[in-house]
Amino acid sequence: MARVTTIAHPNIALVKYWGKRDVPLNLPAVPSLSLTLGGWRSRTSVTWGAPADRVVLDGTERHDAKVLRFLDLVAPDRPPCEVVSDNDFPTGAGLASSASGFAALALAATRAAGLDLPLPALSALARQGSGSACRSLFGGYVRWPLGEAPDGSDCHAVPIAPADHWDLRMVVAVVASGPKAVGSTEGMERSRRTSPLWRTWVEHGPADVAEASAAIQQRDLERLGTVMEASTFRMHATMHTAVPPLLYWLPATVAALHEVFALRARGVGAWATMDAGPQVKVLCEPSDVAAVQEALKPTALQLHVHGPGGPARVVDDA
Ligand code: DP6
């Protein structure tokens, strides 16, 4: 019996992943690029060889078929396992909990099984739990290319700059609590099948990633913020034009967006991104955090400030 505990940080996409070319393997329709956030984390313990399969998430025991299926991917002939995981941030509210959760699980489960996978293989494995999880194995600025192999073996994330390359801030405005209405997998498929903007969305992905990569290399925030907002709004346009529509935004989301635009009109370098939920995340320099917080305070239930975070790691290996 081996028990391994790991932590992994969530990541926020600066250029979005939305849509799959292969659903079971989580092969993306578009490349993406993200920033791993310090501060928040998923902490996951896997016991390889337990009396029975058992999954405890945030203190509650549940039958989680996705987690058990993921363990089967690690080793089809595995023994019964125990997985205990918790997040120190709200789960399932568009705050990337599946990314950090499956990244932490991939590292903990493989190590507990006695495997020491190279990072590309570990990232490709995490991808099969949740697409965005492949990026959370790495710290800092991370790219997830399309890959070419039909089995997905070369479809894994690649770090492009470490956390200390560029000390940006992501101000997360939580404008509503509670789980999202439609999960990412279902939302992506609905957008792909029904949105007339789908083709345009997919066509822009590679150029957006190239533009964001160049902006990161040059530490050019205006350039990065501009392409980040463009990617976000194009992704949400595919959601809004799906049938039936997917509207993750609430009135407070729109209010927060207007505050960000007003900040920019006043010369503050702040740009917004949203995921499959109502929360607004604002990218800015550390010196502008106070102005961003002040502007968002009236519309947000909570404000959290994060800098770039490090890679997933083992914290206890019993
Ligand atoms: C909007 O990785 O949660 O946050 O692969 O179906 O598990 P699955 O989806 P998931 O999707 C994340 C989508 C997003 C954008 C992003 O993180 O790139």
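Which residues in H2 meet which residues in H3? Phe102, Ala103, Ala106, Leu107 and Thr110 on the H2 side meet Leu122, Leu125, Ala126 and Gly129 on the H3 side, where contact means heavy atoms within 4.5 Å. Welcome to a short tour of a predicted model, in which local features need pLDDT of at least 70 and side-chain atom pairs count only at pLDDT 80 or more, while totals for chains, interfaces and linings use all residues. Residues are numbered from 1 along each chain as its sequence is written, and side-chain values use heavy atoms, with hydrogens and water left out.

**Helix H2 with helix H3**

- The contact of H2 with H3 has seven nonpolar residues, two polar and no charged; here Ala, Val, Leu, Ile, Met, Phe, Trp, Tyr, Cys and Pro count as nonpolar, Asp, Glu, Lys and Arg as charged, and the others, Gly among them, as polar.
- H2 spans residues 97–112 and H3 residues 119–129, with helices taken as DSSP runs of at least four residues and strands as runs of at least two, numbered from the N terminus.
- Their axes come within 9 Å and cross at roughly 125 degrees; axes are lines fitted to C-alpha atoms over the stretch in contact, and angles run from 0 to 180 degrees between N-to-C directions.
- H2 and H3 are therefore oblique to each other, as angles under 35 degrees count as roughly parallel, over 145 as roughly antiparallel, 65 to 115 as roughly perpendicular and the rest as oblique.
- The crossing of H2 and H3 is right-handed, that is, the near helix is turned clockwise from the far one by less than a right angle.

**Helix H1 with helix H2**

- H1 (residues 65–74) packs on H2 at an angle of about 40 degrees, and the axes are 10 Å apart.
- On the H1 side, the contact is made by Lys66, Val67, Phe70, Leu71 and Val74; H2 brings Phe102, Leu105, Ala106, Ala109 and Thr110.
- Eight of these residues are nonpolar, one is polar and one is charged.

**Around the ligand**

- The ligand is surrounded by 17 residues, and the closest are Tyr17, Lys20, Ser130, Ser132 and Thr185 (near means a heavy atom within 4 Å).
- An N or O atom in the serine 130 side chain is 2.7 Å from a ligand oxygen atom.
- For glycine 131, a backbone N or O atom lies 2.7 Å from an oxygen atom of the ligand.

**Backbone details**

- Valine 243 and proline 244 are joined by a cis peptide bond, with omega near -10 degrees.
- Proline 244 sits in the loop between H7 (221–240) and H8 (251–265).

Technical notes:
A polar contact is a pair of N or O atoms within 3.5 Å; within protein, one must be able to donate a hydrogen and the other to accept it, and residues adjacent in sequence count only if both atoms are side-chain atoms.
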